[in-house]
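Hello,

Here is the two-chain structure you are taking over. My notes on it follow below.

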Amino acid sequence: MVPLSWYLVLAAFIFCCGLLAALARRNAIAVLMGIELMLNAVNINLVAFWRYGAAVEQLDGLLFALFVIAIAAAEAAVGLALIISVYRSRKTVNLDELTLLQG
Amino acid sequence: MIEQLNQLIEQLLIQTAPTVPSIQQVVFVMLAIPAAVAALMVVLARNLFHSALALVGTLFAVAGIYALLEAEFLAVSQILVYVGAISTLITFAIMLTRGMMYGATSPLNRQAGTAIMIMGLLFAVLSGLVASMPWPENLVALETFSWGIFSNRITGEAIIASLGQKFLTTYLVPFELMAVLLLVALAGAILLARDRQ
């Protein structure tokens with residue numbers, strides 16, 4: 001049997017990779033991909049805790065993960081539309097060059 | 001004399017025999033290693049499209065992990081929504097925003113060194129936290145739980161039937177709000193990305 005800690009360590013690793021992509025990449029679309037990785041890591045945690053918990057028949061972990069997937073879809077759509085709009089007006093998606101709000 | 005020698009050899013072999021991993025552990029490692037490697041490639045790939053393909057690989061492996069955790073509906077939903085829709089959206093966005101010098105410069109920005117150090121620390125802290133608690137080692141079989149009015153069905157069907165029932169009874173408000181959210185997000189995305197002429 002797979003111990004629960006293996007799933008949690010895998011989810012922690014994918015979360016750290018996603019956070020690294022969100023912080024350290026130049027391209028805005030790569031930042032969005034990092035956000036999707038973080039949401040997937042959180043989903044792994046939710047489903048693992050649901051499966052190894054006491055009240056499996058409540059299905060709360062599974063439902064939470066389904067809602068997270070739906071919200072991630074909505075957020076990816078809006079984020080990518082924003083990036084396309086920014087590209088149209090500024091001809092770049094390089095985050096180093098999008099410094100209008102920088103102090 | 002020979003029986004004692006045999007017993008001694010048997011005890012020695014039992015004590016030094018390597019523990020054979022169970023098949024679930026083997027399958028988990030076969031799914032987790034590609035997931036971890038692909039997640040690392042999303043961060044470090046020079047070409048943006050390689051990052052997108054690595055993201056698709058991660059999403060497939062994570063769907064396999066859901067199937068290993070006996071959440072098959074979630075695994076199929078993950079493939080349909082994430083791989084089918086979101087990855088296609090990301091690919092379209094990459095195609096529509098060409099213009100960066102892919103492969104010429106480093107994909108990481110100025111704060112990448114600090115970020116890598118902090119991520120290493122974060123992963124160490126999380127792993128230490130996970131290792132310090134006595135988590136359960138074994139699953140409880142799904143058949144031992146009572147699935148309410150669906151207990152007469154096989155477990156996979158009973159889970160999906162309970163899911164449908166919960167969506168319309170306990171979780172009705174989030175369900176309807178999710179529909180409204182998706183509509184608003186769709187309308188907003190079209191409004192933001194339309195061609196203004």
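Helices here are DSSP runs of H or I with at least four residues, and strands are runs of E with at least two, numbered from the N terminus. On that basis chain B reads α-α-α-α-α-α-α along its sequence, with seven helices and zero strands. Please keep in mind that this is a predicted model.

Chain A

Chain A has three helices and zero strands, in the order α-α-α from the N terminus. The C-alpha trace spans about 50 × 25 × 25 Å along the principal axes of chain A. Of the 103 residues in chain A, 53% are buried. Among contacts in chain A with a separation of 6 or more, 47% are between residues 24 or more positions apart.

Chain B

Buried residues come to 23% of the 197 residues in chain B. In chain B, too, residues 24 or more positions apart account for 47% of the contacts with a separation of 6 or more.

The contact between the chains

The contact draws 61 residues from chain A and 75 residues from chain B. On the side of chain A that touches chain B, the elements giving two or more residues are helix 1, helix 2 and helix 3 of chain A. Helix 3 of chain A gives the most to that side, with 19 residues. By class, the side of chain A that touches chain B holds 48 nonpolar, six polar and seven charged residues.

The nonpolar core

The largest nonpolar core has 78 residues. Those with the most contacts inside it are I14(A), C17(A), I29(A), M33(A) and V47(A), along with A35(B) and V42(B). From chain A, helix 1 (4–24), helix 2 (28–51) and helix 3 (60–90) each supply at least two residues of this core. From chain B, helix 2 (23–44), helix 3 (48–68), helix 4 (72–96), helix 5 (112–131) and helix 7 (172–193) do likewise. Helix 1 of chain A gives the most to this core, with 15 residues.

C17(A) is one of the residues with the most contacts inside the core. Not counting residues up to four places away in sequence, C17(A) touches L37(A) in chain A and A39(B), L40(B), V42(B) and V43(B) in chain B.

A185(B)

A185(B) lies in helix 7 of chain B. Is A185(B) buried or exposed? A185(B) counts as buried because 20 other C-beta atoms lie within 10 Å, and the cut-off for buried is 20 or more. Leaving aside neighbours within four places in sequence, A185(B) is in contact with A74(A), A77(A) and V78(A). A185(B) and P174(B) are eleven residues apart in sequence and 16 Å apart in space, C-alpha to C-alpha.

Two helices of chain B

Helix 4 of chain B has 25 residues, so at 1.5 Å a residue it should span 36 Å; its end C-alpha atoms are 34 Å apart, which agrees. The buried residues in helix 4 of chain B are L74(B), A75(B), Q78(B), Y82(B), I86(B), S87(B), I90(B), A93(B) and I94(B). These buried residues of helix 4 of chain B pack against helix 2 and helix 3 of chain A, together with helix 3 of chain B.

Helix 6 of chain B (residues 155–168) has 14 residues and so should span 20 Å at 1.5 Å a residue; its end C-alpha atoms are 20 Å apart, which agrees. Its buried residues are A158(B), I159(B) and S162(B). Seen down the axis of helix 6 of chain B, the buried residues fall within an arc of 100°, so they line one face of the helix. The face turned away from the buried side of helix 6 of chain B carries the exposed residues G156(B), E157(B), G164(B) and L168(B). Helix 4 of chain B is included in what covers the buried residues of helix 6 of chain B.

Regards

Technical notes:
Residues are numbered from 1 along each chain as its sequence is written. Chains are lettered from A and ligands numbered from 1 in the order in which they are written. This is a predicted model: local features need pLDDT of at least 70, side-chain atom pairs count only at pLDDT 80 or more; totals for chains, interfaces and linings use all residues. A residue is buried if 20 or more other C-beta atoms lie within 10 Å of its own, exposed if 12 or fewer, and partly exposed in between; C-beta atoms are placed from the backbone. Two residues are in contact if their C-beta atoms, placed from the backbone, lie within 7 Å. A nonpolar core is a set of buried Ala, Val, Leu, Ile, Met, Phe, Trp, Tyr and Cys residues joined through C-beta atoms within 7 Å. Ala, Val, Leu, Ile, Met, Phe, Trp, Tyr, Cys and Pro count as nonpolar, Asp, Glu, Lys and Arg as charged, and the others, Gly among them, as polar. The expected span of a helix is 1.5 Å times one less than its number of residues. The arc is that of the directions from the helix axis to the C-beta atoms.
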